[in-house]
Amino acid sequence: MATTIKKTGTALILSCMDLRVQDETSGHLQAYLLDEYDHVILAGAALGASHPTYEHWRKTFWDHVHLAIELHAVKELVIVEHEDCGAYKAFVLPESERAYIGKLEDPEARAREEACHHRVASALAKEVAERHGLETTLLYAALDPKDTDKAVLRPFAVPAAT
Ligand SMILES: [Zn+2]
């Protein structure tokens with residue numbers, strides 16, 4: 001199982017609530033970070049933690065970042081985004097981006113959705129780095145178009161955001 005989790009010590013995980021990716025996320029984290037991570041779950045992962053629609057989610061996220069640093073000296077944030085995310089469909093992204101979410105039969109749309117997740121997660125990672133100096137690993141759970149209960153966690157397949 002490929003990963004880029006850096007294992008700098010304990011980590012804080014941010015992932016989405018989506019039921020389709022829980023088993024894969026847990027399996028990945030237990031394989032690489034068994035008993036070495038705190039876990040915050042918000043619908044939309046990085047989008048849930050940063051979008052103004054639910055300002056209290058943003059506060060909840062940052063409260064947990066502070067607690068994880070204080071209690072467990074976390075050095076790394078791992079953000080797990082996933083394909084066909086309902087929060088990305090529901091929250092107010094530009095319509096041009098929302099139209100690409102969950103089009104699993106269309107390779108170009110899938111690539112655009114992944115780029116959208118990468119942009120949102122990278123912005124949150126930058127903020128966490130600036131405020132707390134944490135390293136961040138970004139992972140993406142791509143769904144199997146033939147069986148969306150199956151997902152593969154991997155690094156993002158898009159270039160780093162500028
Ligand atoms: Zn989701």
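How many bridges join strand S3 to strand S4? Seven bridges do, with S3 covering residues 76-82 and S4 residues 135-144, and the two run parallel.

## Before we go on

What you're looking at is a predicted model, where local features need pLDDT of at least 70 and side-chain atom pairs count only at pLDDT 80 or more, while totals for chains, interfaces and linings use all residues. Residues are numbered from 1 along each chain as its sequence is written.

Helices (H or I, at least four residues) and strands (E, at least two) are DSSP runs, numbered from the N terminus. Strands pair if DSSP finds at least two bridges between them.

## The sheet

Five strands make up an open sheet with mixed pairing, in the order S2-S1-S3-S4-S5. S2 and S5 (147-155) sit at the edges with a single partner strand each, so one side of each has no neighbour in the sheet. From one strand to the next, the twist averages 20° (axes are lines fitted to C-alpha atoms, for helices over the stretch in contact, and angles between N-to-C directions run from 0 to 180 degrees).

Over in S1 (residues 11-15) and S2 (residues 37-41), five bridges give a parallel pairing, and Ile 13 has His 39 of S2 as its bridge partner.

## Helices on the sheet

Helix H3 (residues 55-72) packs on the sheet and touches S1 and S2, its direction making about 170° with that of S2; contact means C-beta atoms, placed from the backbone, within 7 Å. Helix H6 (residues 107-132) lies across S3 and S4, at about 160° to S4.

Technical notes. Two residues are in contact if their C-beta atoms, placed from the backbone, lie within 7 Å.
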